[in-house]
Amino acid sequence: MARIGVFVCHCGENIGRTVDCEAVANACGELPGVVHAVDYKYMCSDPGQNLIKEAIAEKNLTGVVVAACSPHMHEKTFRKATEGAGLNPYLCEMTNIREQCSWIHEDRDAATAKAIDLTRFISEKIKRNSPLAPISISLERRALVIGGGISGLQAALDMADGGREVVLVEKQPSIGGHMSRLSETFPTLDCSQCILTPRMVEVHQHPRIKLLTYSEIESVDGYIGNFSVKIRKKARGVDETRCNGCGECQSVCPMKKIPSEFDAGLGNRTAIYVPFPQAVPNIPVIDRENCLRIKGMQKKKAKAACGRCAEACGRDAIDFEQEDTFVTEKVGAIVVATGYQLYSIGKEQTRKGITGYGEYGYGTVPDVIDGMQFERIASASGPSGGEIVRPSDGKVPKRVVFLQCIGSREPSKGIEYCSKLCCMYVAKHTMLYRHKVHDGEAIVFYMDIRAGGKGYDEFVRRAIEEDGAKYIRGRVSSIQREGEKVRLTGFDTLSGEQMEIDADMVVLATAMQAQPGIESLAQKLSVSYDGHGFINEAHPKLRPVDTNTAGVFVAGACQAPRDIPDSVAMASATASKVLGMFSKERLEREPTVAGVDKVTCSGCFHCERACPYGAVERYEVLNRSGEVEKVIAEVNEGVCQGCGSCQVACPSKSIELEGFTDAQIFAAINAL
Amino acid sequence: MKPEKLYLTEAGLAKLTHDLREAGARVIAPVLATESSSNPVADYREIEDAGRIALGGPLPRLSLKEFFLPPTEALLSWRQVKGDISLDQPSGDYPRTVVVGAFPCDAAALPVLDKVMGWDYRDDPWFGRRKATTIISRACAVKDSSCFCPAVGLSPDSLKGADILLVPVDDSGNNHLVEVLTPAGEELVEAHRDVFESPPDEGKADELRKAALDRASENLDIEPGAIKSWLESNFEHDVWADIADRCHGCGACASVCPTCHCFDIIDEPEGIDRGTRRRNWDTCQASLFTLHGSGHNPRPEQSARYRQRVMHKFAIYPKRFEEILCTGCGRCSRACAAGMDLPEVLRTLDQLASSSEKQTEASSTGGVG
Amino acid sequence: MSLYRPHLVRIVDLIDETEDTRTLRLELTDPEVAGSFEFKAGQFGEYSVFGSGECTFCIASSPTRDYIECTFKKVGKVTAAMRDLQVGDTMGFRGPYGNRFPLDEMEGKNIVFIAGGIGLAPVRCVIWNTLDLREKFEDLTIVYGARSVGDLVYKRELDEWEERPDVKLWQAVDPGGETPDWKGEVGFVPAILEKAAPKAENSYAIICGPPIMIKFTLPVLEKLGFPKDRVYTTLENRMKCGLGKCGRCNIGHVYVCKDGPVFTATEIEALPPEF
Amino acid sequence: MNEATAARPSSEGEAFEPRIVAFVCNWCTYTGADLAGTSRIQMAPNVRIVRLPCTGRIDPLFVVKAFERGADGVIVSGCHPGDCHYTAGNYHARRRFAVFRETLSFLGIDLDRLTFSWVSASEGRKWSEIVNETTARVRELGPFTSYRDLVDEG
Amino acid sequence: MRELQELSSKLLSEGDVSVVIGYEEGPRGVRPAFIRTPEETNRLVFDHRAVQNLAVYLSPRRAHLRKRGRPAVVIKGCDARAVAGLLRESQISRDDVVLIGVRCGGVYRDPESNGPLSEENVADRCTGCDLREPGHVDHLVGELPSEPPATDRRKSRIAGIEAMSPEERFDFWSSELERCIRCHACREVCPMCVCERCVCEKTDPSWVESSPHLRGALAWQITHALHLAGRCSDCGECERACPAGIPLSLIKGKVNQVVEDRFDYRAGDDPDVPSPLGDFRLEDDQEFIK
């Protein structure tokens with residue numbers, strides 16, 4: 001019979017408080033095959049791990065069960081300790097008696113009984129565990145970065161500078177992302193474009209970066225080390241190889257009143273346009289919704305409408321007939337850096353479960369704008385050339401009210417989280433405003449000020465103390481047009497006073513949200529995401545830039561609201577992860593993959609249909625005279641991700657997932 | 001022993017059933033199954049009163065075998081505490097049982113099986129149940145064209161295996177001539193003397209018996225001895241492949257057969273520290289029956305497995321135990337989904353046997369020697 | 001006690017013969033049973049691991065010793081469970097069953113033992129039986145072959161037999177199965193037997209191994225002059241009860257568990273080819 | 001079942017405490033159950049989790065096995081549609097279990113003994129509700145050892 | 001009938017096939033026939049008694065038959081579902097077999113029946129049959145007879161069971177499955193049971209207890225039903241083969257109904273239409289999932 005060692009952890013008081021660890025050890029010591037059972041204060045400590053190592057050596061253990069915290073926490077730790085003592089790491093398993101026992105129960109007897117049960121399950125299961133060895137698979141040492149904002153740019157540059165080829169995919173016509181639209185950045189108030197634009201150019205010119213703008217991910221096949229990514233290059237209507245970015249086309253386009261996305265609707269653009277002057281690449285794109293020629297073509301009008309841009313182009317670069325094309329890139333790792341969108345008050349919501357603020361009059365009351373619009377107004381490259389004017393009449397507003405937490409921390413609107421950077425950018429806005437409109441009054445309605453970060457609190461303080469921003473702790477209940485003014489009715493929670501303020505302009509600090517369509521991308525990548533659409537990291541503390549799909553990493557605001565320094569730090573972290581992974585010729589993979597019993601497989605290929613990865617291949621069994629006797633299933637170990645769906649599909653149970661074989665699961669159930 | 005003859009009326013049978021149960025015996029009899037099948041079907045089941053007995057009804061789906069060699073039975077159970085194992089086995093006490101209205105072909109199977117169950121090693125569960133059971137057979141009127149008991153040396157009113165034989169005396173089938181055949185039968189009759197009448201009214205008993213025998217004899221006329229010799233000297237023969245073509249190897253024939261007795265022994269754990277070792281019915285028709293752990297299978301094809309079944313019944317068993325391992329009940333033919341028919345196979349073998357006999361005669365008279 | 005109830009036996013030793021073959025040495029736990037327990041060379045038993053079931057093996061140790069050994073390869077559920085057992089664990093044993101090699105008849109005669117692979121197990125029982133009663137027998141010759149050096153079982157005993165002057169051992173491995181330091185023969189058992197050429201006069205042969213080996217060895221024995229009724233082998237058909245009831249081991253009219261497992265070549269020839 | 005540690009009352013008269021097995025996927029529900037732990041959300045102690053990589057790996061026969069071994073109730077839980085770590089395991093599971101539960105029901109197993117749920121990694125609260133609801137429901141139904149004991153010869 | 005005989009004779013004499021698997025008169029009604037010479041083709045019959053699903057003889061588990069050469073098989077529309085299943089699951093290749101489709105006016109439940117088809121004796125699957133003329137065959141013989149009488153026997157029995165309380169259902173099935181002796185005849189005759197080694201015979205671990213007690217019988221019937229979900233050709237052979245007379249086709253019928261209700265799928269004769277289990281739709285119903 002097997003020789004199992006059971007190690008019960010008190011986790012200080014965490015487990016010991018509700019579970020009688022000694023009783024668990026004693027009970028497990030009575031189980032068939034258990035030859036060693038002890039409890040200890042901290043199993044994950046060095047002395048704790050040594051207990052395991054010593055027992056393996058002394059008692060010649062064939063299996064180790066650690067009853068402690070979640071395997072998600074320490075399975076690796078204990079497997080490593082087991083391996084250190086010369087036992088195959090896969091002969092070590094954990095029982096979760098903390099998160100799933102001591103922390104959720106108060107009744108000591110019941111919790112102890114449950115802990116014993118759980119440990120018995122695993123001590124039976126482990127008798128059927130097999131020693132496993134890692135699988136070696138090939139590695140394409142190129143990376144894909146999805147998203148050309150500051151995170152994506154940083155990740156791409158770090159990896160390219162590290163010597164690896166990078167494919168950067170951006171869905172907009174230009175890279176740069178949200179950061180390119182900001183005026184200044186906190187807490188230094190340096191010009192956003194000044195720090196970003198050089199990086200954009202660097203990316204564009206980097207010999208190891210392949211830049212695909214106006215492109216989107218169509219599908220992702222393969223697995224870590226061997227992804228095959230199909231990318232849709234959307235039809236720009238402009239031949240990139242011919243265009244020299246002279247801008248003639250834009251100047252002749254008759255459609256001049258299209259609201260500019262870049263300027264958050266405050267400025268206009270043409271139908272053929274470069275989103276902003278510093279765009280990279282500096283190649284225009286035809287807005288198919290608004291181009292007269294293309295609209296005419298879609299309506300099958302016999303006579304071609306317009307076409308002035310084509311006439312104006314000296315290089316014959318305009319191609320109205322252009323269609324979407326596809327490229328497939330083979331990469332070994334993927335960095336997801338798709339960023340965020342701003343919560344949209346009052347307007348239609350892009351995310352399910354989120355409602356807007358009708359009461360704040362955004363979109364109906366003039367001069368109620370959001371933070372990004374203020375950035376554009378304040379920006380030297382913005383529609384007003386950096387002069388603070390209000391959109392309705394172009395007058396300089398003398399009293400601007402900033403409202404914080406619009407959308408954020410508002411479970412009733414669907415977002416319970418804090419968007420983290422609004423406090424900072426509101427402070428920045430008040431400063432920018434006050435620097436430009438010296439006689440202006442900046443009033444901020446806030447709930448709390450959250451300014452954790454290097455120099456952050458000082459920054460907010462400066463806005464209040466040096467730049468005279470007036471902070472009111474309270475909530476605004478309604479915003480209405482009152483003549484030329486915007487009237488706010490609110491409540492000062494500190495003084496308890498009801499307030500009514502007439503402002504010239506109101507800026508709403510709206511929440512940060514996940515990008516629309518992120519779910520579909522995440523599903524293509526097989527990465528999980530939370531209820532808000534933010535990509536889940538593999539571990540909140542220890543693996544903050546990994547996702548739970550091997551080879552896919554995450555950087556920036558697509559994971560959670562992030563400011564620029566955080567995003568850049570994450571991006572560099574992903575780059576170093578990828579470079580680390582690329583430092584080897586081949587990859588080693590967890591051996592928990594499926595395998596086929598060639599004797600009993602009947603070749604019905606139900607497994608093939610169940611496999612989400614296409615890991616099941618056809619294998620011809622030959623008889624002695626070399627004829628095909630039967631065609632059966634075979635698993636590509638590199639492709640298999642170990643989900644085990646094949647095993648359930650197999651009627652004869654001829655396919656088994658290592659680590660979760662039927663024998664193992666049945667043993668656990670048998671121990672019920 | 002000269003059979004004592006008595007008379008049992010319908011009411012007598014009812015009282016007998018009642019009294020037997022009163023005395024603590026389990027009474028088993030053929031009863032109609034309660035289901036909406038197009039044809040009436042019967043099973044041997046424990047009964048509470050004689051009203052349920054389907055006298056003259058269809059042959060029960062399973063033979064009496066299931067009460068002596070149950071489809072599954074516990075041989076022993078084990079329990080493990082740490083490394084120590086303790087064993088426990090069934091008590092060996094079997095309930096006192098009386099089978100009322102056993103078909104002669106089912107009763108006859110029991111002494112046939114006593115041979116294999118008792119050579120050298122006595123199978124205690126089998127003999128324990130045999131000892132606890134008294135069999136009251138009832139002469140059969142012959143069910144259909146698949147009946148062939150006379151061909152294997154029996155008859156629709158066979159005494160073999162019965163302690164008491166009931167023979168219907170009239171067309172109602174409810175009143176019986178009683179022949180007491182064994183000491184166990186005598187004991188039963190003694191204990192319940194009040195339900196039997198004497199002297200018997202033999203009525204049409206003889207006539208009905210003869211008519212049944214004639215009907216069954218018409219169904220199949222073979223020479224089992226010749227078949228045995230032929231099988232023994234013609235192991236390899238093309239005929240098996242043709243016979244077994246349509247056979248699914250499902251083993252339904254073996255399940256319903258009163259004489260098929262192959263079994264399997266398996267362990268069935270109940271949790272991690274205890275379990276039961278069981279004996280379950282098995283069949284030589286299953287390919288796994290003879291499959292070795294190495295993957296080698298001495299009988300890889302259905303033709304070999306079907307041959308084994310016929311060989312075992314008509315050559316091997318007769319040679320070892322001087323009994324044909326078949327009582328001609330015809331259940332195998334009725335149960336077969338593929339239309340396999342043992343009488344037909346036997347007829348074929350009989351023809352092969354007689355033609356090869358003729359050949360042998362011919363060659364011996366040829367005097368080539 | 002029920003026919004089907006096994007004796008409890010404790011594993012007292014465990015020897016890994018090859019990568020997948022292991023020998024367990026078993027002792028009866030009940031001293032009363034142990035005191036009266038007897039068997040003869042050639043008999044077999046039903047070994048069981050509770051929870052996994054029973055499995056049939058010959059008794060590989062000699063009746064002259066006071067323990068039971070079985071040598072098995074992991075092929076199925078029970079043997080897998082047997083492999084998981086350790087010294088000190090308890091299992092079940094029913095037996096001994098079946099007939100035996102007629103050793104009394106062989107007294108004063110020469111015996112040639114021929115085995116291939118794990119087929120040495122039943123032969124080894126007789127080898128030790130005769131070696132332990134050495135003076136009763138004349139020349140003892142062992143011809144043993146395996147696929148490769150790694151597949152040879154009972155290596156320590158092979159070395160011992162190699163050393164012993166009172167037994168002649170021919171060890172062989174199939175071509176390609178030798179290691180650089182292999183000192184034995186290279187070739188198949190029939191050829192080695194031919195080379196060993198034991199004399200047939202006043203001799204018996206005991207042979208066990210894979211069917212293909214037996215098939216090609218029997219003609220060699222015939223050529224050497226061994227009469228078929230002095231050539232013995234042992235059959236391993238699938239069995240369950242060991243008691244002549246379950247019907248599994250039938251070969252023609254033969255119940256291997258009761259009429260066998262030991263048969264002469266003459267008897268084997270008369271059997272239908274279903275083993 | 002092993003008497004030594006049974007959650008059942010040892011003597012009659014005590015309230016029946018059901019024994020429930022949960023087959024959950026590693027990525028969503030198991031993590032959600034961990035979250036319930038880190039959030040210290042108290043729940044009924046009757047559920048024993050068996051961790052599997054994915055709902056796609058949860059064979060319907062596991063449920064039958066659990067009943068065979070004396071479970072009074074079973075929970076099967078995994079990632080919400082679209083969230084499967086392996087992209088589609090939960091979709092396959094959804095079809096399999098849809099057929100399975102109706103088959104079980106047809107054969108007379110009370111579906112109140114079975115709970116299927118999607119519990120994401122962030123739904124520690126929901127997990128505790130599933131656990132509590134299932135426990136309460138099965139407690140109401142009483143023990144299901146009748147299934148385990150179907151083996152007893154009558 | 002003559003058309004069938006002549007076609008078979010032609011196929012055999014031209015060496016196209018070495019055996020024609022059809023129906024013949026047997027000792028107890030019509031039974032499967034294996035015709036190897038043109039002369040024997042006059043034994044072939046086809047009428048309401050042609051109950052058996054001959055597709056089972058194409059299964060790779062009938063290796064001994066395959067060794068005897070290329071077969072032609074007489075296929076009713078309902079049998080064509082099983083053939084399609086075998087093709088769909090790569091168990092046979094289309095070139096290895098000649099399919100003789102027969103137009104069918106319904107069959108009895110029992111091949112020993114006689115007289116006109118009636119509500120009482122007609123097979124359950126014939127009601128609402130949409131495959132009286134099998135597609136995807138090599139030859140199609142016979143005239144299309146009139147439609148068989150309809151019966152709601154099975155449907156109403158299923159409904160009756162559904163109307164019971166869980167306890168009553170459990171008792172009902174217990175009393176039926178109590179007779180199960182685990183002979184697995186239901187499996188051996190099932191044309192869709194194609195596994196080389198049935199999961200029942202997997203012993204390590206033991207998936208389905210092999211003993212004929214209720215617990216084992218129930219586990220096996222659940223297993224068989226689930227393995228057939230979306231694959232069952234509804235030939236009813238399992239029930240017909242059961243020596244204990246267990247109404248197995250009620251279970252299969254129920255599962256087929258579930259598959260049809262949920263996934264809008266009925267097994268058909270087209271091997272290219274995939275079965276719904278092994279597939280999924282994002283919008284599949286999940287009303288039972290919390």
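These notebook entries set down what I looked up in a predicted model.

**Conventions.** I number residues from 1 along each chain as its sequence is written, letter chains from A and number ligands from 1 in the order in which they are written. Because the model is predicted, local features need pLDDT of at least 70 and side-chain atom pairs count only at pLDDT 80 or more, while totals for chains, interfaces and linings use all residues.

**Entry 1: chain C as a whole.** I counted the secondary structure of chain C at 9 helices and 15 strands; helices (H or I, at least four residues) and strands (E, at least two) are DSSP runs, numbered from the N terminus. I then looked up the radius of gyration, taken over C-alpha atoms, against the globule rule, 2.2 Å times the number of residues to the power 0.38. Chain C has a value of 18 Å, close to the 19 Å that the rule gives for 275 residues, so it is as compact as a globular protein of that length. Along the principal axes, its C-alpha atoms fill a box of roughly 50 × 45 × 35 Å.

For burial I used C-beta atoms placed from the backbone: a residue is buried if 20 or more others lie within 10 Å of its own, exposed if 12 or fewer, and partly exposed in between. Of the 275 residues in chain C, 53% are buried. Among contacts in chain C between residues at least 6 apart in sequence, 69% join residues at least 24 apart.

**Entry 2: the sheet of chain C.** I traced an open sheet of 7 strands in chain C, ordered β10-β9-β8-β7-β11-β12-β15, with mixed pairing; two strands pair if DSSP finds at least two bridges between them. The edge strands are β10 and β15 (262-264) of chain C, each of which pairs on one side only. Inside the sheet, β7(C) and β8(C) run parallel and are joined by 6 bridges. I noted one partner in particular: C:G116 is bridged to C:G145 in β8(C).

**Entry 3: helix α6 of chain C.** After α6(C) comes C:A197, with a positive phi near 40°.

**Entry 4: backbone exceptions.** I found the peptide bond from C:G95 to C:P96 to be cis, with omega near 0°; C:P96 is in strand β6 (residues 90-97) of chain C. Another cis peptide bond joins A:V280 and A:P281, with omega about -5°. A:P281 lies in the loop between β15 (272-273) and β16 (285-286) of chain A.

A:K420 has a phi of about 75° and lies in the loop between β21 (399-406) and α12 (422-436) of chain A. E:H136, with phi near 60°, is in the loop between β4 (98-102) and β5 (139-141) of chain E. Is E:H136 buried, exposed or partly exposed? With 17 C-beta neighbours inside 10 Å, E:H136 counts as partly exposed. A:K420 is also partly exposed, with 19 other C-beta atoms within 10 Å.

**Entry 5: chain D against chain E.** I found 30 residues of chain D in contact with 32 residues of chain E. On the chain D side, the elements giving two or more residues are α2 (60-68), α3 (89-106) and β4 (114-118) of chain D. The largest share, 13 residues, comes from α3(D). I sorted the chain D side into 18 nonpolar, 5 polar and 7 charged residues; Ala, Val, Leu, Ile, Met, Phe, Trp, Tyr, Cys and Pro count as nonpolar, Asp, Glu, Lys and Arg as charged, and the others, Gly among them, as polar.

**Entry 6: domains of chain E.** The domain assignment of chain E gives domain 1 (2-141) and domain 2 (153-263); such bounds come from an automatic or database domain assignment. I noted that the C-alpha centres of these two domains of chain E lie 25 Å apart. The contact takes 18 residues from domain 1 of chain E and 13 residues from domain 2 of chain E.

Conventions: Contact = placed C-beta atoms within 7 Å.
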